[in-house]
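Please look at the sequence and the structure below before reading on.

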Amino acid sequence: MTNKTENHKKGQSSEDAAVDYLCGLGYEILERNYRFHKQEIDIIAKDHDYFVFVEVKSRKSPRDGYGFQAVDYRKQMTIRKVAEAFLIKQRLSLYGTPCRFDIISMDDGELRHFKNAF
């Protein structure tokens, strides 16, 4: 099995755990792996009135850093652009729709949820 395939399986497993976690909190999952051109958002959910755009990042070991550290400024801008495309497609206001950007970091098997991460 190639490293790319292993990483994809690990990422999918982390996203599955994140979806289970969010569902347990009462979130409604609207989309998974929502794509706009070549970019994507891992999870789009509703938390009461808020649309929540969630990036899931995982790391096997603290030696590799923490998942949330991978969501740098460039990645944040990409996520915002894809979120805007989603809102436009849904015919929702870019300014009047309550939205939030969260990160779920899976580090060494531990899930950490950062609400309003950026």
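A pocket is defined on a 1 Å grid over the protein atoms alone, as an open set of points with protein on both sides within 12 Å along at least five of seven lines; its lining residues have an atom within 4 Å of a point. The model is predicted, so local features need pLDDT of at least 70 and side-chain atom pairs count only at pLDDT 80 or more, while totals for chains, interfaces and linings use all residues. Residues are numbered from 1 along each chain as its sequence is written, and side-chain values use heavy atoms, with hydrogens and water left out. Helices (H or I, at least four residues) and strands (E, at least two) are DSSP runs, numbered from the N terminus.

**The second largest pocket**

- About 150 Å³ of space lies in the second largest pocket, where grid points are joined across faces, edges and corners and the volume is the space filled by probe spheres set on the points.
- Its lining consists of Phe53, Arg80, Ala83, Glu84, Leu87, Leu94, Tyr95, Thr97, Cys99 and Phe101.
- Two or more lining residues come from each of α2 and β4, and α2 gives the most, with 4 residues.
- The lining divides into 7 nonpolar, 1 polar and 2 charged residues; here Ala, Val, Leu, Ile, Met, Phe, Trp, Tyr, Cys and Pro count as nonpolar, Asp, Glu, Lys and Arg as charged, and the others, Gly among them, as polar.
- Tyr95, one of the lining residues, is found in the loop between α2 and β4.
- Tyr95 is exposed, with a relative accessible area of 79%; buried means under 20% relative accessible area, exposed over 50%, and partly exposed in between, with a 1.4 Å probe and protein chains only.
- From C-alpha to C-alpha, Tyr95 and Arg74 are 22 Å apart in space, and they are 21 residues apart in sequence.

**The nonpolar cores**

- A nonpolar core is a set of buried Ala, Val, Leu, Ile, Met, Phe, Trp, Tyr and Cys residues joined through side-chain atoms within 4.5 Å.
- In soluble globular proteins, nonpolar side chains tend to be buried together.
- The largest core has 14 residues, of which Ile41, Ile44, Phe53, Ile79, Phe86, Phe101 and Phe118 touch the most other members.
- The elements β2 (39-47), β3 (50-59), α2 (73-89) and β4 (99-107) each give two or more residues to this core.
- The largest share, 5 residues, comes from α2.
- Not counting residues up to four places away in sequence, Ile79 touches Ile41, Glu55, Val71, Phe101 and Phe118; contact means heavy atoms within 4.5 Å.
- A second, separate core has 11 residues, including Ala18, Tyr27, Ile104 and Met106.

**The cysteines**

- How many disulfides does the structure hold? The number is 0, where a disulfide is a pair of cysteine sulfur atoms within 2.5 Å.
- Cys23 counts as partly exposed at 41% relative accessibility, and Cys99 counts as partly exposed at 25%.

**Residues with a positive phi**

- Most residues other than glycine have a negative phi.
- Asn33, which is not a glycine, has a positive phi of about 50°.
- Asn33 has its place in strand β1 (residues 28-36) and is partly exposed at 27% relative accessibility.
- Asp108 also has a positive phi, near 55°, and is a residue other than glycine.
- Asp108 is in the loop between β4 and β5 (110-114), and its relative accessible area of 55% makes it exposed.

**Two further residues**

- Ala70 is found in the loop between β3 and α2 and is partly exposed, with a relative accessible area of 26%.
- Leaving aside neighbours within four places in sequence, Ala70 is in contact with Lys57, Arg59 and Lys75.
- The C-alpha atoms of Ala70 and Val56 are separated by 9.8 Å, and the two residues are 14 residues apart along the chain.
- Phe36 lies in strand β1 and counts as partly exposed at 28% relative accessibility.
- Leaving aside neighbours within four places in sequence, Phe36 is in contact with Lys81, Val82 and Ala85.
- Phe36 and Asp102 are 66 residues apart along the chain, with their C-alpha atoms separated by 19 Å.

Methods:
1 Å grid on protein atoms, 1.4 Å probe; cavity = no way out; pocket = protein on both sides within 12 Å on 5 of 7 lines; lining within 4 Å.
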